[in-house]
Amino acid sequence: MKSLHVPTPAPLLSALTLACLLAACGGGADDTNTTLSTPAALAPADGTKLIAATTDADEGDVGDDTSYTVVPDEMVLNNLFADGLNNWNVGDAVLVNSSQRPGGKALNVGWRALQTFAPAQLVAGASYTVKFRARNENATGTTTVAMKFQIPPYNENFRTFQTQVKGTAWTDYTFEFTAPAYTKGELSVLANGSRAVVDTVSMKMRTPIAVTEPITSPSNSFVPAGYTLAFNDEFNGTTLNRAKWHTRMIYNNGTTDRLHDEKQRYRDNDNHQVGNGVLSLVARKVSTTDANGINYESGMIRSDWTTRYGYFEARVKMPPGKGVWPAFWLNSDVSETGRLSWPPEIDIFEFVNNGVEDLPDMLHSNVVTRDRQPSSVSYADPAFNLQYTFWKAPFNFTEGYHVIGAEWTPTSVTMYIDGKKIYTRAATWTYDDGTAGGPAHILLNLGIGGAWAGRNGIDDTAFPQALNIDWVRAYRKN
């Protein structure tokens, strides 16, 4: 999705490129028309976690087997402010007498107070709980306490977990997070509109935060044998689970709201509607005055959970209007060394309806590797177009739900639609210099317009419209 897979008209395709694409079609005779079976492994019926903190916790959060024993040590230095302002970097903050602990001290913050954590201080893949007691001095003020993970060299934020202090009454607050692959972080208190008083701050390791939940509709799932559920969202609540999903791309401090020349911007203006077991990423036309046609708002989700390799699937129904560009894909997150780069990328599907070259019965799928060249294909369904990387279905994807999945191994990606194998192609998860790419996060988004999806216009009469997602599931190899 980050690379713009705009189909190239055949006359413009070089002879060498065309030869490579056609040559990639060779496959073994034993690889034809494979259909997957129903799930081999599901979540426990009571929703309990599949692992314990003190066993081999093949959680996948950092792309490898992760095991940890919960260490109860306090991670925040000078967390009761008994040692003055030592270990705290403050701006417009002073110590005051604590009204909660006789003889103790509290921190009165007019701007900020923060404490940094080097990469080795937190355990990648381990979960933590932050607790603090605080109040605002002014009823209209809002204070944010956050744990931010940052990459070098400019300390750009790529994960932020936070909660807000509202009101003047002393209150105990808690939030939790799982440390990403790169664990350089900053715990901060930021006052806005009022001075804040913080009496205690604590951060301690805890047992793993559950990222699985009971599977409610196993009959529509197609999982290869030998896989176990590692992450899922069945969307059975009434709001998006923000502990599992971010709603912007990871770039620019996690605020990027588009990637190409699309005409939408990703927002949180009721663009993530959850009800009746379905997440709807809703796109609306919101303006007609922008000179560049940026007249749409839409929704996207990016998983906080990351992994390398496994089986990934989602049950989705595509939006009907001309000019839409929904996608389900895997993108490289920050690596264990603090690197955020692209490629690699796996496009499990890109659905484009531009009304002429790309139609509702076509589904694109591809991988983006370090050399940006088409990878070798060991199997392709006869209905899969190798030149333009789409499968032509005997139905329209806008007319019902379909399960679209991909099996990702260290050397290949195999794509499935409703359990039917579509292709297998070579793929390696590396950066341009050949080093291992960061663990992948999962993305689903609804783009609107641009040179590919909008080349023949956008049907404004179709709005509002949505990419409907019944569920998202990811499995790890046993």
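Which side chain does a polar contact of 3.0 Å join to that of Trp 452? The partner is Asp 358, where a polar contact is a pair of N or O atoms within 3.5 Å; within protein, one must be able to donate a hydrogen and the other to accept it, and residues adjacent in sequence count only if both atoms are side-chain atoms. The model is predicted, so local features need pLDDT of at least 70 and side-chain atom pairs 80 or more, while totals for chains, interfaces and linings use all residues. Residues are numbered from 1 along each chain as its sequence is written, and side-chain values use heavy atoms, with hydrogens and water left out.

Trp 452 sits in helix H3 (residues 450–453); helices (H or I, at least four residues) and strands (E, at least two) are DSSP runs, numbered from the N terminus. Its relative accessible area is 0%, so Trp 452 counts as buried (under 20% relative accessible area, 1.4 Å probe, protein chains only).

The whole structure holds 21 aromatic pairs (ring centres of Phe, Tyr or the six-membered ring of Trp within 6.5 Å; planes under 30 degrees apart are stacked, over 60 edge-to-face, the rest tilted). One of them, Phe 149 with Phe 161, is edge-to-face, at 6.3 Å centre to centre and 80° between the planes. Phe 149 belongs to strand S6 and Phe 161 to strand S7, so this pair ties together parts 12 residues apart in sequence. Phe 231 and Trp 305 are stacked instead, with 5.0 Å between centres and 10° between planes. Here strands S11 and S17 are involved, so the parts tied together are 74 residues apart in sequence.

Note on methods: Buried < 20%, exposed > 50% of the residue type's maximum accessible area, 1.4 Å probe, protein only.
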